[in-house]
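Subject: Structure for your files

Hello,

Here is the structure you asked for. My notes on what was found in it follow below.

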Amino acid sequence: VYAAFLGIVVPDAVGVTLSITLLLMVVLGGSGGVSGALIGAALIGFLDISGHQFENTREVAYGVLVVLVVIAAPGGAFGLIRARFKHVRAERGGETPATAAPRAIAAPPNDAAPLAVANVTQRFGGLIAVNDVSFELTRGTLTSLIGPNGAGKTTLFNAIGGIGRPTAGRVAIAGIDVTGWQPHRVATLGVGRTFQNARLFAEMTVLENVIAGAFRTERTSFGGDLLRLPRTRRSEREATERARATLARLGLEPLAGTLAKELAFGDRRRVQLARATAPDPWLLLVDEPAAGLNASERAALTADLLRLRDGGMTLLLIEHDMHLVMSISERVMVLKFGTMIADGTPAAVRNDPAVVAAYLGATSAPGTAG
């Protein structure tokens, strides 16, 4: 492109100075969009014009400037402007209007069991990760799936959510056989899921991250996005309102304008939960939400989960925090080496000898060796 601009191709035209200048334009302006490139080009153009008296030291000065910008402002000038603009909008109430009232949970499409797993088996070569597991969930309840590490809990979640087809068995959601469906098709039935790692878009605000989770409710097309048709703009407004209502439901409105990279770990977990519930799922699969949280963060998470359940959502929870599991679950299922060894109320499971042995190890009977 530069050669076409010059009208001639010569090695000297693209030297070290030009390479540093182009790099500095991107770094100084910000690589997050076209606006950053334009800002960077304008700033470097101004420095080139005003700094002719420092011609002999320009390369050194530009190199130092690159290092300083990378350390102090990785997003460049555009990143600083964008972050400041978002914070100002949040302070003025643009991100969390008073009209963002909590919303009711969407209802299942029929009276069938929200989730029915029948004889599901998942093999990986000679390893049987899930072995002939069957259960049904009751609508509007919170059920926990527990077991030692490597018991097959997340593998079972993957089979339900479409990340990997089970080797055998059947998965039905609201009476619809979804065995082998892709994850996006499963989501269209009203199913949400969180993962063990709370991966958010670091350079986006909390509100924007939650808006991203509302993709299932958008009604637009590539052409509509390209031409900015009224239907596209209306869909974007609805997605924003839905995200704001989700934040209100979980009490996260004060964080709406905060960049995700600035959140504490516990808040990241809660925002991930908000993102998963933005499209109003009536069935939610939650994978180890309390991992790494302190006592106050676990209390906030517990309140979130109970609020969702009390609103009518059906939850299936994987968790290792036994205090959390026993305090909020109406039903507990236990996996060991892929096999269901217990299924019942928290009190019954807590006192089940097979469960105690799975977690603490079996004890020998009196008078026996070994």
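A residue is called buried when its relative accessible area is under 20%. By that cut-off, 43% of the 370 residues in the protein are buried. Please keep in mind that this is a predicted model.

Overall make-up. The protein has 15 helices and 10 strands.

In soluble globular proteins, nonpolar side chains tend to be buried together. Here the largest nonpolar core holds 32 residues, and the members touching the most others are Leu-247, Leu-284 and Leu-315. Two or more residues each come from α8 (206-212), α10 (230-249), α11 (265-277), β7 (283-287), α12 (295-310), β8 (314-318) and α13 (322-328). The biggest share is from α11, which gives 4 residues. There is also a second, separate core of 28 residues, with Phe-135, Leu-145, Val-186 and Val-191 among them.

Thr-277 itself sits in helix α11. Is Thr-277 buried or exposed? Its relative accessible area is 0%, so Thr-277 is buried. A polar atom of the Thr-277 side chain lies 3.1 Å from the backbone oxygen of Ala-274.

The surface. Tyr-2, Phe-5, Leu-6, Ile-8, Val-10 and Val-14 make a nonpolar surface patch of about 570 Å². Within this group, Val-14 belongs to the loop between α1 (2-6) and α2 (16-29). Exposed means over 50% relative accessible area, and Val-14 counts as exposed because its relative accessibility is 51%.

Which residue caps the N-terminal end of helix α15 (residues 353-360)? The cap is Asp-352, with a side-chain oxygen 2.8 Å from the backbone nitrogen of Ala-354. Just after α15 comes Gly-361, which takes a positive phi of about 95 degrees.

Regards

Definitions and conventions. Residues are numbered from 1 along each chain as its sequence is written. This is a predicted model: local features need pLDDT of at least 70, side-chain atom pairs count only at pLDDT 80 or more; totals for chains, interfaces and linings use all residues. Side-chain values use heavy atoms; hydrogens and water are left out. A nonpolar core is a set of buried Ala, Val, Leu, Ile, Met, Phe, Trp, Tyr and Cys residues joined through side-chain atoms within 4.5 Å. Buried means under 20% relative accessible area, exposed over 50%, partly exposed in between (1.4 Å probe, protein chains only). Patches are made of residues with over 30% relative accessible area and no salt bridge: like charges are joined within 9 Å, nonpolar side chains (Val, Leu, Ile, Met, Phe, Trp, Tyr) within 5 Å. Accessible areas come from the Shrake-Rupley method with a 1.4 Å probe; for residues, only the protein chains shown count as cover. A salt bridge is a side-chain nitrogen of Lys or Arg within 4 Å of a carboxyl oxygen of Asp or Glu. A polar contact is a pair of N or O atoms within 3.5 Å; within protein, one must be able to donate a hydrogen and the other to accept it, and residues adjacent in sequence count only if both atoms are side-chain atoms.
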